[in-house]
Amino acid sequence: MLFNKDFMLGAATAAHQVEGNNVGSDYWIMENLEHSVFVEKSGLAVDHYNRYEEDIDLLKRAGLNAYRFSIEWARIEPVEGQWNEKEMEHYIKVIDYCLANGIEPVVTYHHFSSPAWLITKGGWESPEVVNYFERYARYVTEHVAGKVKYVCTINEANMRLQMAFLIKDITERMSKQSEIQNQEGSVQVGVNLSQNQSQMMMSMMETAKAFNIDDPRKVANFVSQASEEGDLLVMKAHNAARNAIKSVDPSIQVGLTLSLHDIQWVDGGEENAKKAWDDEFTHYLPYIEKDDFLGVQCYTRKIFDENGANSSFETGTKTQMGYEDYPAGIVNVVRRCAEEFKGTIIVTENGIATSDDERRCEFIKEALTGLNDCITEGIKLKGYFAWSLLDNFEWQKGFSMTFGLISVDRNTMERTPKKSLKVLGSFMEK
Ligand code: BGC
């Protein structure tokens, strides 16, 4: 049961989580506030900016043939309308290094972090974001055309809406701090809810001040809560970027990625489960039906009863992230997406945060065996990218979440491949 050479078997990273010194981004500012909600700062991260050759070498040596990474908008356009050619050249070098080594580069144009100036201008709730993102996408594509075949415009384009639901839920539970912290695992990204209310307020006010915005509720970075219009703006930005990319190079395959849960239900939970899937997936279909592919990202499942998601039905152990270890999730989600989305599907992220690498090996084996069955069933599945190539900066949760196939000693930046890297590579035909 091996994947053939046409299949992209690889691992993923995101610029801000691995590169280091991403000083022009909104995240850098938020991490460095006095009352920051981030448990630690990204700082040098894992210095992938300077060590990408070594990291790609390790990926290749393990038998993988593809690498998904992101370009940092804040580096390319540090000041609105001003392009940094030198930074663009850096990413071209990364792409060229992949190509020279027979590794397919899958490039994401936006992975959560945005230039700080964008947030000051209203961020992801301002209609202007559509033009800004389109212009940036066009600029990058003009430089990577002819080299890159797959572009993900926006990573987890539904994350802002998921945050809106999370924040609504927290507000309703505001009086019970312990219940609030339990909610961290309800989104597939590192959020830190361990702060008390006054700390949270302080950090919101400092954030607004840092971006020169009068009302803290109006700070609209990518992992803040979306309004209904804001949710739509992400889709408009994606559509505009897709058209720009295609107009520069029609051969580039374009898609976005979504954060999806394997939504299940018990008796009485059908309606809630249906609504959850509609919120996460179905209502986006009109905006992605012209895409070449859909990037599917799933880490766990959610089980609904008549009152909503209920974790007491879960049977698996919890990962470091606080959600259930459930490798079958990605397989179920791919099957479900394939029923409604007719283009190619790529698993752009899937993985487990654990210090037990044997557990990760089992997780990979179970997920890949199920995905191989999907191909046999006729699903157009074109690739699988494990999250993540390296242990890295898990956003508000810092460096303690170990998703990586390679560990990094952050004092020396020395890399040590884990057994799971080899296990992943063993699924590729020789
Ligand atoms: C994101 C990654 C993140 C991962 C694990 C996804 O939400 O795209 O940036 O590190 O999940 O939480």
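Author: The model is predicted, so to speak of local features requires pLDDT of at least 70, and side-chain atom pairs count only at pLDDT 80 or more, while totals for chains, interfaces and linings use all residues. Residues are numbered from 1 along each chain as its sequence is written, and side-chain values use heavy atoms, with hydrogens and water left out.

Reader: How many strands make up the closed barrel, and in what order does it run?

Author: Helices (H or I, at least four residues) and strands (E, at least two) are DSSP runs, numbered from the N terminus, and two strands pair if DSSP finds at least two bridges between them. In this model the closed barrel has 8 strands in the order E1-E2-E3-E4-E5-E7-E10-E11, with parallel pairing. From one strand to the next the twist averages 25°, with axes taken as lines fitted to C-alpha atoms, for helices over the stretch in contact, and angles running from 0 to 180 degrees between N-to-C directions.

Reader: Which strands stand at the edges of the open sheet, each with a single partner strand?

Author: The open sheet has 3 strands in the order E6-E8-E9, and its pairing is mixed. Strand E6 (262-265) and E9 are the edges, each with a single partner strand, so one side of each has no neighbour in the sheet. E6 and E8 run parallel and are joined by 4 bridges, with aspartate 262 standing opposite arginine 301 in E8.

Reader: How many cavities of 30 Å³ or more are there?

Author: Rolling a probe the size of a water molecule over the atoms shows where empty space is left. On a 1 Å grid over the protein atoms alone, a cavity is a set of points where a 1.4 Å probe fits but cannot get out, and a pocket is an open set with protein on both sides within 12 Å along at least five of seven lines; lining residues have an atom within 4 Å of a point. Grid points are joined across faces, edges and corners, and a volume is the space filled by probe spheres set on the points. By this rule there are 3 cavities of 30 Å³ or more. The largest cavity holds about 100 Å³ of space, and of the 16 residues that line it, Gln188, Val189, Tyr299, Glu349 and Glu394 are the closest to its centre.

Reader: Which residues lie nearest the centre of the second largest cavity?

Author: They are Glu19, His48, Phe69, Ser70 and Tyr91, out of 14 residues that line the second largest cavity, and about 70 Å³ of space lies in that cavity. Two or more lining residues each come from helix H1 (15-18), helix H3 (48-61), strand E2 (66-70) and helix H5 (85-100).

Reader: Which element gives the most to the lining of the largest pocket?

Author: The largest pocket has about 1100 Å³ of space, and 40 residues line it, the closest to its centre being Asp169, Gln183, Ser186, Lys302 and Ala309. H8 gives the most to this lining, with 8 residues, and the elements that supply at least two residues include helix H8 (159-173) and helix H12 (270-280).

Reader: What is the volume of the second largest pocket?

Author: Its volume is about 910 Å³, and the second largest pocket is lined by 31 residues, among them Val37, Ile167 and Met200. Helix H10 contributes the largest share of that lining, 6 residues.
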